[in-house]
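These are my notebook entries on a single protein structure. I set down what I looked up, entry by entry.

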Amino acid sequence: RGQLGEPVRLNLGCGLDVRDGWFNYDPDPTHHTVSQWQAGEDLLFASGEVDHIEVRHVLEHIPHSINEETWFGFWEECWRVLKVGGTIRCISPMHDSEWAWGDPGHCRAIHPYVFWFLSADFYEHNAEGGSPASHYRPRCNFLSDLALERHGEKETPMYRVDTIIANLTKEPLPEWYEEMLK
């Protein structure tokens, strides 16, 4: 899909941040220069075709559902299209930032612990003791590197956005985890 030898990069929820050489997607139909896409929909790429996915201020807009299928479905679809070793960079307001709930379109707060649920290692360490997390079984496995950034001043909350930046790397599913998913 990309130019020969060029990485295939997706910019999901790009808004007005349309990038040359990237596949840019946004749910807003008024953004005529990008393809329309909603979290929970399939990405039109073959399994293992994508090198990198950028997800800026999207996660906090993914709605809750009764069994979290939209949330985990988003991650499973990203994992499916990424190459092994491919990366996702996510930027969202921190759960304790004024802007976590300041935007009326936000429907979830992003805490750093939420990324644990995307790693097979987390389930291996928690399945034995019957952890509350042990019933989730997403078909994905990411290594995560998290960073927290503070922007603006406490005295001016209108301009302060505390963000979490999650850099995730696709890992293959371990055999024991594949068996557990059956």
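**Entry 1: Cysteines**

I looked up C107 and found it partly exposed, at 26% relative accessibility; buried means under 20% relative accessible area, exposed over 50%, and partly exposed in between (1.4 Å probe, protein chains only). I note that this is a predicted model, in which local features need pLDDT of at least 70 and side-chain atom pairs count only at pLDDT 80 or more, while totals for chains, interfaces and linings use all residues. Residues are numbered from 1 along each chain as its sequence is written, and side-chain values use heavy atoms, with hydrogens and water left out.

I then checked C78, which counts as buried at 1% relative accessibility. I recorded zero disulfides in the structure, a disulfide being a pair of cysteine sulfur atoms within 2.5 Å.

**Entry 2: The chain as a whole**

I counted four helices and seven strands in the protein chain. These are DSSP runs numbered from the N terminus, helices being H or I of at least four residues and strands E of at least two. The order from the N terminus is β-β-β-β-α-β-α-α-β-β-α.

Of the 182 residues in the protein chain, 42% are buried. Taking contacts (heavy atoms within 4.5 Å) between residues at least 6 apart in sequence, I noted that 64% join residues at least 24 apart.

**Entry 3: K170**

I located K170 in strand β7, residues 163–170.

I found that the K170 side chain reaches the backbone oxygen of L82 at 2.7 Å. Leaving aside residues up to four places away in sequence, K170 touches several others, including W79, R80, G85, N141 and F142.

**Entry 4: G85**

I placed G85 in strand β5, residues 82–93. G85 is partly exposed, with a relative accessible area of 42%. Beyond residues up to four places away in sequence, G85 touches T169 and K170. I also looked up G85 and F142: they are 57 residues apart in sequence and 9.3 Å apart in space, C-alpha to C-alpha.

Terms used
Polar contact = N/O pair within 3.5 Å; in protein donor to acceptor, adjacent residues only side chain to side chain.
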